[in-house]
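Here is a briefing for a reader who is new to this structure. Look over the sequence and the model, then read the points by topic.

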Number of protein chains: 2
Amino acid sequence: MNRTVYFVSESTGITAETLGHSLLSQFDTIDFEQVYMPYINTAARAKALTLRMQEAADRDGVRPVVFATMLNNEIRDILRNGNCFYMELFEAFVDRLSAELGVPPSLQSGRSHAITKPSFYTKRIEAINFAMANDDGIRPDNFHRANVVLIGVSRSGKTPTCLYLAMHYGLRSANYPVTEEDFERGDVPQLLYDCQQKLFALTIDPQRLQLVREERLPGSGYATLKRCQDDIRMAQQIYKRLRIPVLNTTTQSIEEISSQIVKALKDNQERELSKTVTMNS
Amino acid sequence: MNRTVYFVSESTGITAETLGHSLLSQFDTIDFEQVYMPYINTAARAKALTLRMQEAADRDGVRPVVFATMLNNEIRDILRNGNCFYMELFEAFVDRLSAELGVPPSLQSGRSHAITKPSFYTKRIEAINFAMANDDGIRPDNFHRANVVLIGVSRSGKTPTCLYLAMHYGLRSANYPVTEEDFERGDVPQLLYDCQQKLFALTIDPQRLQLVREERLPGSGYATLKRCQDDIRMAQQIYKRLRIPVLNTTTQSIEEISSQIVKALKDNQERELSKTVTMNS
């Protein structure tokens, strides 16, 4: 059975989509046709959408599901009265939160993903530029300026993870590709030992790595299973020596790896802080 | 008044944070101290968190707000019984959705940001690699392979926007820096006309551009206000000639710009589709 789902919002729709996806992921036996509907910010657009809902209901033989984060009552009511199972994701929470905080909501849409905090926004953009300029170990002398440094063999997922950390958490992220040269020495440059507190290793299963490398350089020595296995084995020895956390990108998404890194960085900070407090008390 | 807010989850916490941020953005007169608490997946961790909540309540003189997406009843109840205003973001929706869909929820945490759809995940990672390899007009001959192409003067926000489009929507994004050479000709290469349907211009206010460029190359001719004004004026003429949408990165975040681009691409597709349908009927 196919079931159409709409993510609807007066602005970007990012919140409706994120919570909607989370909820749908609890029902993975059903095949959802997911439709993204941002900027439904007039009664006319809402009415047009109810026509599409009816088409989906006719096509699927069952009414569509709507995840919406509406603030305007008129637009919300048009959607709610359409032929759909309507889930309003904001309404109940905004009212309860308002009662708890003792202030009314602004009811302005699109505040969440707008540039409401220019300093954090600028920090994120600068972090992205930093990640671009410090990708692939281009400037290891910049590692002291980084908030986080990733180490891993070629194609283990360093670049996308750095970019995610920069984009979402505003962390200046750099990465170092561990290569042949390091394997021959059996060690990495001192620079990496100097940033152990913010250094994380990414690993990947050899079979998966082979697929990725084969895609990149088909038929090359670099893409053989043997070479992938050797690279990862030698890299693991180096990570052990560095005594750093190792995260596996085969089964974990960049979102999952990034949130683990952010948590580990915070735990490190808190440990350092409590050490200082203990020493001073 | 300062008020502490916790975003709590058994896994990455991305959903709790996204919806929590959206809700808080409705109350922008209050100063929230926001604490990100992923991986609260054992009773012991939940209990430790309730101790921190009590500390925050003592410090702030008011109980903290908790946004949580818990699936485990035991862990949820520990948090709910702590000294906090507890907002469970999942519970009510999961149950209502389950009733509507007629299947029970899996109650597995962390499904939403895990690699549950390998094909879309791979598409996103490939799109990031594409964006990295096609940044700053390095390979205009690749534009025909792109899903979206951005054009803009140096430092107008092309790179972060391309990376966001790739990371979130899995769109292969490339960009073209419009430069002196184009201004002298008063036009851009034919390649850009060939991809008009997926071409979007980014613009930025000259004052803002000057700040950004001054940061990058302090005291350079490139960073003078005059040069920024000229660049933008000449670029605008080119965008007019290309007849493409122009988005302003001064006041809009990469999230907002990206969602507008995604919407415009979809609208284009639907227009093309309805043209085909009309012609065939």
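A crossover is called right-handed if, with the strands pointing away from the viewer, the path from the first strand over the helix to the second runs clockwise. The model shown here is predicted. In chain A, strand E5 (residues 148-152), helix H6 (residues 158-169) and strand E6 (residues 173-177) form a right-handed β-α-β unit.

**The strand pair in chain A**

- E5(A) and E6(A) pair in the parallel sense, over five bridges.
- One bridge joins Gly152(A) to Pro177(A) in E6(A).
- Five of the five residues of E6(A) are buried, so this strand is largely enclosed by the rest of the structure.
- In a regular strand, side chains alternate between the two faces of the sheet.
- Ser173(A), Asn175(A) and Pro177(A) point one way from E6(A).
- Ala174(A) and Tyr176(A) point the other way, and they are buried too.

**How the two chains are related**

- Two copies of a chain are related by a rotation about an axis and a shift along it.
- Here, a rotation of 180° with 0.0 Å of shift along its axis superposes chain B on chain A, with an RMSD of 0.0 Å.
- The two copies are thus related as by a two-fold rotation axis.
- Of the interface residues of chain B, 100% are also interface residues in chain A, so the copies meet through the same surface.

**Where the H1 helices meet**

- Helix H1 (residues 14-24) of chain A and helix H1 (residues 14-24) of chain B have axes that come within 9 Å.
- Those axes cross at roughly 145°, and the crossing is left-handed.
- From H1(A), the residues taking part are Ile14(A), Thr15(A), Thr18(A), Leu19(A) and Ser22(A).
- They meet Ile14(B), Thr15(B), Thr18(B), Leu19(B) and Ser22(B) in H1(B).

- Val262(B) lies in helix H11 (residues 254-280) of chain B.
- Its relative accessible area is 14%, which is under 20%, so Val262(B) counts as buried.
- Beyond its neighbours within four places in sequence, Val262(B) contacts Tyr36(A), Leu165(B), Tyr169(B) and Leu171(B).
- Val148(B) is 114 residues away from Val262(B) in sequence, but 9.2 Å away in space, C-alpha to C-alpha.

- Ala46(A) sits in helix H2 (residues 43-60) of chain A.
- Ala46(A) is buried, at 0% relative accessibility.
- Leaving out neighbours within four places in sequence, Ala46(A) touches Ile40(A), Ile75(A), Ile78(A) and Leu79(A).
- Ala46(A) and Arg76(A) are separated by 30 residues in sequence and by 8.2 Å in space, C-alpha to C-alpha.

Technical notes
Residues numbered from 1 in each chain as written. Chains lettered and ligands numbered in written order. Predicted model: local features only at pLDDT ≥ 70, side-chain atom pairs only at ≥ 80, totals over all residues. Heavy atoms only, no water. Buried < 20%, exposed > 50% of the residue type's maximum accessible area, 1.4 Å probe, protein only. Helix = DSSP H or I, 4+ residues; strand = E, 2+ residues; numbered from the N terminus. Pairing = 2+ DSSP bridges. Least-squares fit on C-alpha atoms with pLDDT ≥ 70 in both. Contact = heavy atoms within 4.5 Å. Axes fitted to C-alpha atoms, helices over the stretch in contact; angles between N-to-C directions. Left-handed = near helix turned anticlockwise from the far one by under 90°.
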